[in-house]
Amino acid sequence: MESPGEFPTQKDTSKKISNEASVVFVLGGPASGKGTQCPKIVQHFGFTHLCVGELLEGETKSGSENGKMIRNFKLEGKIVPSEVTVGILQQAMQQSENKKFIIDGFPRNEENLAKFENTVKVEPQFVLFFDCPEEELKRRLLNRNQGRADDNPVTIEKRLKVFKESTLPVINYYSSKGKVQKANLLPQINAQGSVEQRALIIDGHRRMLISAGIHYPRATPEMWPDLIAKSKEGGADVVQTYVFWSGHEPVKGQYYFEGRYDLVKFVKLVGESGLYLHLRIGPYVCAEWNFGGFPVWLRDVPGVVFRTDNAPFKEEMQKFVTKIVDLMREEMLLSWQGGPIIMFQIENEYGNIEHSFGQGGKEYMEWAAGMALALDAGVPWVMCKQTDAPENIIDACNGYYCDGFKPNSPKKPIFWTEDWDGWYTTWGGSLPHRPVEDLAFAVARFFQRGGSFQNYYMYFGGTNFGRTSGGPFYITSYDYDAPIDEYGLLSEPKWGHLKDLHAAIKLCEPALVAADSAQYIKLGPKQENRFPKPEYKILLHVRVVYWMAHVYGGNLHIQGMDFSQYGSQSRCSAFLANIDERQSATVRFLGQSFTLPPWSVSILPDCRNTVFNTAKVAAQTHIKTAEFVLPLFSNSSVPARFIVRNEDSPQSTSWMTAKEPISLWSEENFTVKGILEHLNVTKDESDYLWYFTRIYVSDDDIAFWEKNKVSPAVSIDSMRDVLRVFINGQLTGSVVGHWVKVLQPVQFQKGYNELVLLSQTVGLQNYGAFLERDGAGFKGQIKLTGFKNGDTDLSNLLWTYQVGLKGEFLKVYTTGDNEKFEWFDLAVDAIPSTFTWYKTFFDAPAGDDPVALDLGSMGKGQAWVNGHHIGRYWTMVSKKDGCGSCDYRGAYSSGKCRTNCGNPTQTWYHVPRAWLEASNNLLVVFEETGGNPFEISVKLRSAKVICAQVSESHYPPLRKWSQADLTGWNKSRNDMTPEMHLKCQDGHIMSSIEFASYGTPKGSCQKFSRGNCHASNSSSVVTEACQGKNSCNIAISNAVFGDPCRGVIKTLAVEARCISSSNIGYSHY
């Protein structure tokens, strides 16, 4: 037996280690993340992974004398003797067929190093060092679920001491030889006054980041590349998305990552585009998504209480969050692995409801943060609207304005995870609109006042396909007034103006990252000089605060109010703000005068030249239409409002119809005494739950009603979303509301009557505490009133329950034939019918323009195309009042600048091109309240009209600026010329110039008129430059148009019409 410090000599059958062997050492403190990442490196680069800790542990478990010795050394916190460690390692290398080794946790000290090089005689190619602060290592070791059996505060302290005293010298040795590569898996938000407090660190550099919110399930995978490309073209650095638990785990333990839920594909597309990704795992998302993104099965977990210190909930939440993080790591999608993910989010706006749970809320929040950090993802974690977020979690702002937000520690950067650029919409509501001047003002103010990460919620809103819209009562469209609309088209001028803003901010980035904070300067004259009248002095006192400058730059020095001295021009950027809602301001800054429109920010990347003002919009405006698709043949005997074809009649406009039975048809229905809660029965597999019972009416009851001139009624204390009441198969009444009282008069016949209550959901609650308790259907007492012998408690009766529609159960919306459902031809003059199915076939419109289904002739229901559920529809009209003029100035709220009052909230429904075949597309509609399917039409969504107004006082286009220009101002006069940029959507060209005037034109898009000053060649110049082209640029200059009125600032106003380039003989430039 050898001594405990010696390792047994290998048998002669062992092989020598080849001189060609390639070795990489991986070092880091305990729990630094090296163990979880080495297998990924092995998987993708073909190394053999040798974990020295595991090799030693294996020897310990073998029961050998060496194993006992190794165990004793570990208990003492000491490093195992080098000859033992190297001997075990050498044996493992000799037994491998591979020549490439990644050795994890070695060499632990200089003795290890020397012994390895003398024995194995191989020098490492490089050393990968997982750098992690000591406090973080302690936290991970104490919090991780699967650690060493001897992990406790005492042994952890010993291990860390050994690491510092023994391993760090090894790292320094290899660093001196240029062989150390650091992998920092911590959020770069720590030390006060350091680089990390100002911004996120990417590739060793501070970054000012613009993010575009895109929810992958709200578009098809075929749309994703274009949406990502348009986000990048618009100036985004990052794409942000939630992760939708309900879509990925629709059944407990059964995961789904395909189709619109192919998260890995989406993340990879973002990475391939060169953008970063912020993944908001939640897993609560709100997002106006059904049940806030929670799978409905979660409410059935015994003892569960959502989002508090509740073991059943935390167990399921941790499983899902771990699943997503592991998936991203396995797919090499984290930034340190070369992937795009730079940040995760845990929970979502929990600070809004934390108080509802008392101490349990606080404990849950801390648990969620610790659970997330313990996953060792290697990227920062965010909690939004969480003022008590722990030290290693970034707390972020959500809202319309976040320029005044400060995180809960000066060690953290200022992040804006949700910049609400619009708002969601409910059925029967008007449409939200946030003016781009105000949105740009909010963003500029955020970066002006120290922000470093800003995300548009939403940059693309998309569509709530199927039954994914939350609420209740949120519409199918999730357009959100975003820069990219629901169909994937640019929303102008919002997209273009923000693109210019982003370019201006990027020009300031060198100065913004060079300073930890700005120099803040109040601008404007002294109040006595400007406003001598006493009554104005108070007003001016406020106004001086309204005009302000924030100046950024390295080694910047500004002396005195004359601003005559300033530092390095290449490192100086300024934001000049006027937050007065009414008046413009002329201010002096660095010896120059600047005019600031009200509620605006001017951006000066070099502290001298204005390149952008948030209130001066040069971007074009789009007027979008849903163009009616013309019939293929003009001799149709039926008005061809819907283009349909089938094999028998290529120009048919026929519809077929089938009635949904108001009766028992399901073999799975059941009968129990009492009223059951809606979701407990349906599990949200359908919007519809039928309640059947029988009511006996005597002669005395009828006589009582006639004598007293009263009617019986169904009374329900509280009901949500929609209730339909049927008596003997006939619809008697409907009630719509969110937990509203019901008193529905009914008419019974003598004898037995069938009473049917149809409870419907229109999106489950997605916001608030105790979501698991909200439920659906009915609450409180349910009774029949008005009978001679008093009220009847309906909860004492036997009820038969039936889930869903027969058409749903038979899947009549699929393309396969279904003989179990009886379809009949629908007459053109048929009376609109309730609870009716309709189907027809249609050809896909030619071209690539997005397709919309106009369901304005229908009532309420759902629609499918080729088996794809395009969503709920409801032709509910909004109130006539509430819309009017829109002034961008002043704080925005969701009730400001509303549009579409007095019209149906939504009539057009997106049908993705990817869901269409060239011909014979099946459209199936389920109608609840009665409508005319012959009025349904297919339309193409496009921007047919584009307009722009740009004056001589606008700034040169941002694309002409560069950092070189800002280092030394050397622009020629031509370079200072403003330009108008016009562009039709892809695949379209400008077919005609409807209006053009250079001078003093009046009005707005589609309402332009000539002013007193007009250049006669305006139309010819613009036509020559633009007609027949997809895009064009026109200089706003007398050199181009001549000078029609000297001494007057001229403006060019243009209105152009765009058509598909496939429909005209012009070339597409």
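The chain holds 23 helices and 44 strands. Helices (H or I, at least four residues) and strands (E, at least two) are DSSP runs, numbered from the N terminus. This is a predicted model, in which local features need pLDDT of at least 70, side-chain atom pairs count only at pLDDT 80 or more, and totals for chains, interfaces and linings use all residues. Residues are numbered from 1 along each chain as its sequence is written, and side-chain values use heavy atoms, with hydrogens and water left out.

**The chain overall**

- Of the chain's 1069 residues, 57% count as buried. Buried means under 20% relative accessible area, exposed over 50%, and partly exposed in between (1.4 Å probe, protein chains only).
- Take the contacts in the chain with a separation of 6 or more: 75% of them come from residues 24 or more positions apart. Contact means heavy atoms within 4.5 Å.

**Helices α2 and α4**

- Helix α2 spans residues 52-61, and helix α4 spans residues 82-94. Their axes come within 10 Å and cross at roughly 100°. Axes are lines fitted to C-alpha atoms, for helices over the stretch in contact, and angles run from 0 to 180 degrees between N-to-C directions.
- The angle makes α2 roughly perpendicular to α4. Angles under 35 degrees count as roughly parallel, over 145 as roughly antiparallel, 65 to 115 as roughly perpendicular and the rest as oblique.
- From α2, Val-52, Leu-55, Leu-56 and Glu-59 meet Thr-85, Ile-88, Leu-89 and Ala-92 of α4.
- This contact of α2 with α4 has 6 nonpolar, 1 polar and 1 charged residues. Ala, Val, Leu, Ile, Met, Phe, Trp, Tyr, Cys and Pro count as nonpolar, Asp, Glu, Lys and Arg as charged, and the others, Gly among them, as polar.

**Helices α10 and α11**

- Helix α10 (residues 263-272) packs against helix α11 (residues 311-330) at an angle of about 50°. Their axes lie 11 Å apart.
- α10 and α11 are therefore oblique to each other.
- The crossing of α10 and α11 is right-handed. A crossing is left-handed if the near helix is turned anticlockwise from the far one by less than a right angle, and right-handed if clockwise.
- Leu-263, Val-264 and Val-267 of α10 meet Ile-324, Leu-327 and Met-328 of α11. The contact of α10 with α11 has 6 nonpolar residues, no polar and no charged.

**Helices α13 and α14**

- Helix α13 (residues 436-448) and helix α14 (residues 494-514) cross at roughly 15°, and their axes come within 10 Å.
- α13 and α14 are therefore roughly parallel to each other.
- α13 and α14 make a right-handed crossing.
- Residues in this contact include Val-436, Leu-439 and Phe-447 of α13, and Lys-494, His-497 and Leu-512 of α14. The contact of α13 with α14 divides into 10 nonpolar, 1 polar and 1 charged residues.

**An open sheet**

- An open sheet of 5 strands runs in the order β16-β17-β18-β21-β22, with antiparallel pairing. Two strands pair if DSSP finds at least two bridges between them.
- β16 (519-522) and β22 (612-613) stand at the edges, each with a single partner strand, so one side of each has no neighbour in the sheet.
- Strand β21 (residues 600-604) pairs with β22 over 2 bridges, in the antiparallel sense. Here Ile-603 stands opposite Phe-612 of β22.

**Strand β44 and its partners**

- Strand β44 (residues 1051-1060) is mostly covered, with 8 of its 10 residues buried.
- Strand β40 (residues 937-951) runs antiparallel to β44, and 7 bridges join them. Cys-947 stands opposite Glu-1055 in β44.
- Strand β42 (residues 988-999) also pairs with β44 in the antiparallel sense, over 10 bridges. Ser-992 stands opposite Arg-1057 in β44.
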